[in-house]
Every structure is written in structure tokens, then in C-alpha cells.
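Work through these exercises with the structure open. Try each task before you read its solution.

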Amino acid sequence: MASIICSSSTLRRRLPLVGAFCMLSLGLSNLYTPLKTGSKLGIRTQSCIRMEGSNTTVPSIVVYVTVPNKDAGKKLAESIVKEKLAACVNRVPGIESVYQWEGKIQTDSEELLIIKTRQSLLEALTEHVKANHEYDVPEVISLPITGGNLKYLEWIKESTRD
């Protein structure tokens, strides 16, 4: 039986990232529970909603795009936000992608862009990525945002173009 040895610092660095991917992949709606007021404890609640429950938000998505390096990630992220195709782009360095391309298994270090935007902007965002990306077939995949902090979801709407 083989054993895997992993330092605690390596484990700490990777677990939050793995947890974030799992949450986004499994869907945030599975984790939604209304917050309760704890006035006796002096706890203030935040406003959380499901997307279909508010007229101050728009259907929103999270989009994953991988890029080959930090410079490409910074340039693409800035152009996406400048064009108001997204409210926010998180750049996650140090991912390793294993994939099949042209009949061969490839392994590359990449950076992951996590993009928060309106669902209605997916087509324009995809075209922007394709026009400004050095890969022949850039990754552009989206997941629905089904709920969350009302103020943040309103901010996505206010920070993006119609």
C-alpha cells in the first residue's frame, strides 16, 4: 500500500482553493440557508437572496477562463473589466492543467480567471476572450449564481453593461 506524504503548509495552501472549486461546481444553491436574527447576542444579519427573488439584481454567472501565465491573465482580466463585461475577475495563480490536445496528454502550468458577470453578457464575454486570447480554443465555461449577498449581486448588475 502506497502512502502519500504531504506537508501541512502544502495542504493549507490547496484546501481553500479546492473548497472554492467544489462550492462553485456543486452550486451555491445547495448551501443556501436563510440567516436568522440573533438580536439578543447583538448579531446583525446580512441580506442574502436567491437570484429569482429580487428585482434589483439580474441573472448572474461565474465564468472560468484559463490563461497560460500571469501577464496574459492580468491583460485579459483588465480588458474584461474595462469593457464592463464583468464586475470582477479573480486571478488564481499556480494551477496545473492536464488535458488531451492533438492526440497527446499535455500538462501545463496556468492561471485561472474567475469572472463574475451577468448571464446576458456571456456571448459578448466569450467573443472578447476568443479575440484576445493566445490559445486556439480558450476555455470559457459558465456556472449560474443562484443566490448570495444581495448587495454584491446588485453590485454585479451596477458594474456591468446592459
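**Exercise 1.** This model is predicted. Find the residues in contact with I115, leaving aside its neighbours within four places in sequence.

*Solution.* Start at I115 and keep heavy atoms within 4.5 Å. The contacts of I115 are I61, V62, V63, V65, I80, A86, C88, V89 and L125.

**Exercise 2.** Which members of the largest nonpolar core touch the most other members?

*Solution.* The largest nonpolar core holds 16 residues. Those touching the most other members are V65, L76, I80, V89, L113, I115 and L125. Next, look at the elements. Two or more core residues come from each of β2 (60-67), α2 (70-82), β4 (104-118) and α3 (122-132). Another core, of ten residues, lies apart from this one; V62, I145, L153 and I156 are among its members.

**Exercise 3.** Classify the aromatic pair made by Y152 and W155: stacked, edge-to-face or tilted?

*Solution.* First, the search of the whole structure gives one aromatic pair. The ring centres of Y152 and W155 are 5.4 Å apart, and the planes stand at 45°. Stacked needs under 30 degrees and edge-to-face over 60, so this pair is tilted. Now place the residues. Both are in helix α4 (residues 150-159), three residues apart, about one turn of the helix.

**Exercise 4.** Decide whether Y152, W155 and V137 are exposed or partly exposed.

*Solution.* Exposed means over 50% relative accessible area. Y152 has 33%, so Y152 is partly exposed. W155 has 32%, so W155 is also partly exposed. V137 has 57%, so V137 is exposed. V137 sits in the loop between α3 and β5 (141-145). With Y99 and W101, V137 makes a nonpolar surface patch of about 290 Å².

Methods: Residues numbered from 1 in each chain as written. Predicted model: local features only at pLDDT ≥ 70, side-chain atom pairs only at ≥ 80, totals over all residues. Heavy atoms only, no water. Phe/Tyr/Trp six-rings, centres within 6.5 Å; stacked < 30°, edge-to-face > 60°. Helix = DSSP H or I, 4+ residues; strand = E, 2+ residues; numbered from the N terminus. Buried < 20%, exposed > 50% of the residue type's maximum accessible area, 1.4 Å probe, protein only. Core = buried A, V, L, I, M, F, W, Y, C linked by side-chain atoms within 4.5 Å. Patch = residues over 30% accessible without salt bridge, like charges linked within 9 Å, V, L, I, M, F, W, Y side chains within 5 Å. Areas by Shrake-Rupley, 256 points an atom, 1.4 Å probe, with all protein chains shown as cover. Salt bridge = Lys/Arg side-chain N within 4 Å of Asp/Glu carboxyl O.
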